[in-house]
Amino acid sequence: MSTLRAWVSWPAFAIVLFVLPLVLTDPHARLLLILIGMYGLLAMGWNLTLGFAGIFNFAQIGFFGIGAYTTGILATRTGVDPWLALPISAGCAALASLVAFLPVLRLRGIYVGLATYVFSQLCVYLVLGQAKLTGGANGIVGIPRLSLGDTSLRADGRIGYYYLAAVLLFAVTVLVRVLVRSTLGMSLLALRDNEALATSRGVSRVRQHLIVFMIGAAVAGVAGSFNAFLNGVVSTDVFGFGYLTLLLSMIFLGGSGSVYGPIAGAVVVTLVSDTFQDAGAWRDIVIAMLILVVLWVAPKGLAGLSRQVVTTLGGRRSGGGAPAPHTPSLDSDHVHPTTIQETQ
């Protein structure tokens, strides 16, 4: 049954992504759709390490900025085809993650968060110190727009950028879904829930965490590259604390450790942020209150709330009988470590 639902859900998801800009034709509405796609992409990449692996990784903003600056440098300094900048930026962010991963080797918990946040700030100083290459405090301007042949992706209300964001979001969603169903995904959940037991079963913490660290960094690098092409400029703002808090809001609101939660969080936070964009500090207060309310009602975020609703409706339709035995779900945080097979 779950396989049938998966076969139905993927085409439905693709159809929704395809139809949305045809229904919402207003330029501002399309811009919001593009931002939701980009933030959803970035939040899903971060959720791999923060949600599924349980690593307090705050270097994701650094990878996002590295992707953006790599694209800016390639597109304006080297003459590389803009489309090649996307995969190259992903590769550079993945390589940078090898450095950011060093604290994970020895540290645990919040200490990893502090060390990886320092990495992001070091990226800022590196950018400012290499002003001839990066533009320093002025950033990089004049990044060429993406185009297909003679057609710019900015044409018709940036519809091309929307579909690029939609394709990337769909691809990363499939990647995350497949990954968490794999042995790698199950081992990450085991390490997160009970590291001692997982390692005693042969799971290599360093190897598994490094793999997911690099995957998450590559996704952030692609998101940063997309952001650079969308705006046409890159500055040190991409390393800012604003992006960090915004993405954390999306992950915790949507549901940390769920596949689709970050997308739901990106939708809600982006729309609320746009609605209260003229409210100053009240915008952040509203978002914070929204997160607190949702987490009070459903500690696992919107994804957990949706599962509660489905479970309740299913129980009522079955006539209020005894609930079905619990089966570990990929969107659930309750996959027991003993389900992990020994990894080689």
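Student: Which residues does Phe101 touch, not counting residues up to four places away in sequence?

Tutor: Keep in mind throughout that this is a predicted model. With neighbours up to four places away in sequence set aside, Phe101 touches Val206, His209, Leu210 and Phe213. Phe101 itself lies in the loop between α4 (82-100) and α5, and its C-alpha atom is separated by 9.1 Å from that of Val112, eleven residues apart along the chain.

Student: Is Phe101 buried or exposed?

Tutor: Phe101 has a relative accessible area of 4%, and because buried means under 20%, Phe101 counts as buried. For the protein as a whole, buried residues make up 46% of the 344 residues.

Student: Which residues meet where α8 and α9 are in contact?

Tutor: From α8 come Leu179, Val180 and Arg181, and these meet Thr183, Leu184, Gly185, Met186 and Leu188 in α9. Sorted by class, the contact of α8 with α9 has five nonpolar, two polar and one charged residues.

Student: How many salt bridges does the structure hold, and what is the general idea behind them?

Tutor: Side chains of opposite charge can pair when their charged atoms come close. The structure holds four salt bridges, and one of them joins Arg108 to Glu195, with the closest N and O atoms 3.2 Å apart. That pair links distant parts of the chain, since Arg108 sits in the loop between α5 (102-106) and α6 (110-129) while Glu195 belongs to helix α10 (residues 195-200), 87 residues apart. Arg108 is partly exposed at a relative accessible area of 39%, and Glu195 is likewise partly exposed at 27%.

Student: Which other residue does Glu195 meet in a salt bridge?

Tutor: Glu195 also meets Arg205, at 3.7 Å from N to O. This pair, too, links distant parts of the chain, with Glu195 in helix α10 and Arg205 in helix α11 (residues 205-231), ten residues apart. Arg205 counts as buried, at 10% relative accessibility. Through salt bridges that share partners, Arg108, Glu195 and Arg205 are joined into one network.

Student: Which residue does Asp193 meet in a salt bridge?

Tutor: Asp193 meets Arg192, with a distance of 3.0 Å from N to O. Asp193 is partly exposed, with a relative accessible area of 36%, and Arg192 is also partly exposed, at 23% relative accessibility.

Student: What is the nearest side chain of opposite charge to Asp274, and how far away is it?

Tutor: The nearest side chain of opposite charge is that of Arg283, at 7.8 Å. A salt bridge needs a separation within 4 Å, and Asp274, although buried, has none. Asp274 has its place in helix α13 (residues 261-275) and touches His28 and Leu32, leaving aside residues up to four places away in sequence.

Student: What share of the contacts in the protein with a separation of 6 or more comes from residues 24 or more positions apart?

Tutor: Residues 24 or more positions apart account for 77% of those contacts.

How values were computed: Residues are numbered from 1 along each chain as its sequence is written. This is a predicted model: local features need pLDDT of at least 70, side-chain atom pairs count only at pLDDT 80 or more; totals for chains, interfaces and linings use all residues. Side-chain values use heavy atoms; hydrogens and water are left out. Helices (H or I, at least four residues) and strands (E, at least two) are DSSP runs, numbered from the N terminus. Buried means under 20% relative accessible area, exposed over 50%, partly exposed in between (1.4 Å probe, protein chains only). Lys and Arg count as positive and Asp and Glu as negative; His and the chain ends are not counted. Contact means heavy atoms within 4.5 Å. Ala, Val, Leu, Ile, Met, Phe, Trp, Tyr, Cys and Pro count as nonpolar, Asp, Glu, Lys and Arg as charged, and the others, Gly among them, as polar.
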